[in-house]
Every structure is written in structure tokens, then in C-alpha cells.
Amino acid sequence: MTKQELALEVIDRLKKEYPDAGCTLDYNEAWKLLVSVRLAAQCTDARVNVVVEKLYETYPDVDALAAAPVEKIEEIVKPCGLGHSKARDISACMKILRDQYKGQVPENFDELLKLPGVGRKSANLIMGDVFGKPAIVTDTHCIRLVNRIGLVEGIKEPKKVEMALWKLIPPEEGSDFCHRLVFHGRDVCTARTKPHCERCCLNDLCEKNGTDGGRDR
Ligand code: SF4
């Protein structure tokens with residue numbers, strides 16, 4: 001089986017396993033996802049979803065958040081960790097949206113990348129989830145799973161994994177595929193325990209199935 005064939009089969013099986021998998025950050029406007037992805041660094045999505053409720057109650061739109069003092073934002077977002085740098089990035093980002101994009105989130109990968117605190121992972125997430133464009137989101141689950149499965153070999157650097165996956169994953173499948181990897185990584189192909197290969201829908205395809213080598217890869 002070629003890597004492309006393997007990728008298609010993995011996509012197919014994960015679709016059946018997690019038909020409704022989507023972004024686990026709550027948002028109803030594009031700028032809110034931008035805020036949440038910044039808060040999600042080294043924090044769980046569940047905690048971010050709670051913290052942003054208070055943030056949006058206090059600052060309900062881009063203009064309000066752009067005008068908010070950084071220390072007030074920090075007070076609210078500090079349960080997510082790295083409060084000062086996250087608050088600083090969110091404030092700077094909202095000011096740019098207000099001043100350069102009429103309060104909208106730019107529908108352009110390179111422009112997203114220029115926003116404070118937005119890296120390739122976040123920019124891809126926004127492109128895929130908000131704009132329905134091709135996207136590969138290489139978070140920790142994605143990197144661990146594609147290495148274990150054998151879609152890439154020994155590549156840990158997020159941008160390199162992303163580039164390798166662009167060659168294997170049909171563009172229109174990328175965003176949902178990555179969301180499904182998150183679900184599978186949390187429930188089955190876990191990081192902190194031995195992966196549960198015995199109940200994995202990929203176990204006859206996966207390179208690491210049944211080997212202790214699956215752990216922490
Ligand atoms: S077979 Fe095991 S190592 Fe492979 S994807 Fe499934 S749980 Fe992970």
C-alpha cells in the first residue's frame with residue numbers, strides 16, 4: 001500500500017468512527033476563534049471555552065476587546081496560563097482587525113500569519129473552520145498519530161509534518177481529518193498511556209499497532 005492509499009483508507013475509517021468530529025473550541029464569530037486558538041496554547045479547549053464566556057460578556061465585539069486594557073484582559077484569561085503574553089497578543093490582534101480589516105478576520109493564510117500570536121497551526125485552523133478552505137492543522141495529536149500510523153516517518157517539526165501531509169491528504173479532507181485525529185488521539189491513540197491498539201479502527205493498517213513503540217511517538 002502506498003502512503004497515499006494508506007492516507008485515503010485512514011481518512012475513510014476515521015470518518016466512520018467520528019462522523020461529526022469538528023473543532024472543539026466554541027465560537028460563533030471568526031474573531032472569537034482567533035482569540036480561542038491563542039488561549040488554547042498549553043491549555044485545554046474545555047477550559048478555554050469556559051474562560052471566553054466571561055471575556056465576551058465583558059467585551060462583546062472586536063472594538064470592545066481592542067479598546068480593553070491589556071491588564072483587564074489578562075485578569076480574565078489568566079486561568080488559561082501564560083496570561084500576560086496571551087492578553088498582549090489578543091489585544092494587539094484585535095487592534096489590527098479593527099484598524100486594518102474593518103473588524104473582520106482576513107481570509108488569507110499569509111495575512112493571518114502576520115497577526116500577533118498566530119502561527120501556522122492557528123492560521124490553518126481558521127482557514128479550514130471559518131472559511132472552509134483546505135487546511136492541515138498539525139497539533140500534538142496530529143503529529144503523534146501520523147508518525148505512529150506511518151504516514152510520516154520520524155518527522156516531529158510541525159511545518160515539516162504539514163508539508164508531508166499536503167502531499168498525501170486530499171485538500172478538501174484536510175481540516176476534518178485533523179479534527180478526527182484529535183478525537184482519536186484523545187480517546188484511543190493516547191499520549192500519556194500506552195495506545196489502545198486493541199480497540200483501534202486502524203489497527204490492521206498502523207505501523208505501530210501492538211508495539212510498545214507506539215508510546216510517545
Ligand atoms: S493501532 Fe495503536 S498506535 Fe496505531 S493508531 Fe491505533 S492506537 Fe495508535
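At what angle do the axes of helix 2 and helix 8 cross?

## Basis of the model

This is a predicted model, in which local features require pLDDT of at least 70 and side-chain atom pairs count only at pLDDT 80 or more, while totals for chains, interfaces and linings use all residues. Residue numbers start from 1 along each chain as its sequence is written.

## Helix 2 and helix 8

The axes of helix 2 (residues 30-39) and helix 8 (residues 120-129) cross at roughly 150 degrees and come within 10 Å. Axes are lines fitted to C-alpha atoms over the stretch in contact, with angles from 0 to 180 degrees between N-to-C directions. Helices are DSSP runs (H or I, at least four residues) numbered from the N terminus.

Helix 2 contributes L33, L34 and V37 to the contact, and helix 8 contributes S122, L125, I126 and D129; residues are in contact if their C-beta atoms, placed from the backbone, lie within 7 Å. By class, this contact has 5 nonpolar, 1 polar and 1 charged residues. Nonpolar here covers Ala, Val, Leu, Ile, Met, Phe, Trp, Tyr, Cys and Pro, charged covers Asp, Glu, Lys and Arg, and polar covers the others, Gly among them.

V48 lies in helix 3 (residues 45-58). V48 is buried because 23 other C-beta atoms lie within 10 Å, the threshold for buried being 20 or more. Not counting residues up to four places away in sequence, V48 touches L25, S36, L39, A40, C43 and C80.

## Ligand shell

The ligand is surrounded by 15 residues, of which C189, P195, C197, C200 and C206 are the closest; a residue counts if its C-beta atom, placed from the backbone, lies within 6 Å. The shell has 9 nonpolar, 4 polar and 2 charged residues.

Key
Helix = DSSP H or I, 4+ residues; strand = E, 2+ residues; numbered from the N terminus. Contact = placed C-beta atoms within 7 Å. Buried ≥ 20, exposed ≤ 12 C-beta atoms within 10 Å, placed from the backbone.
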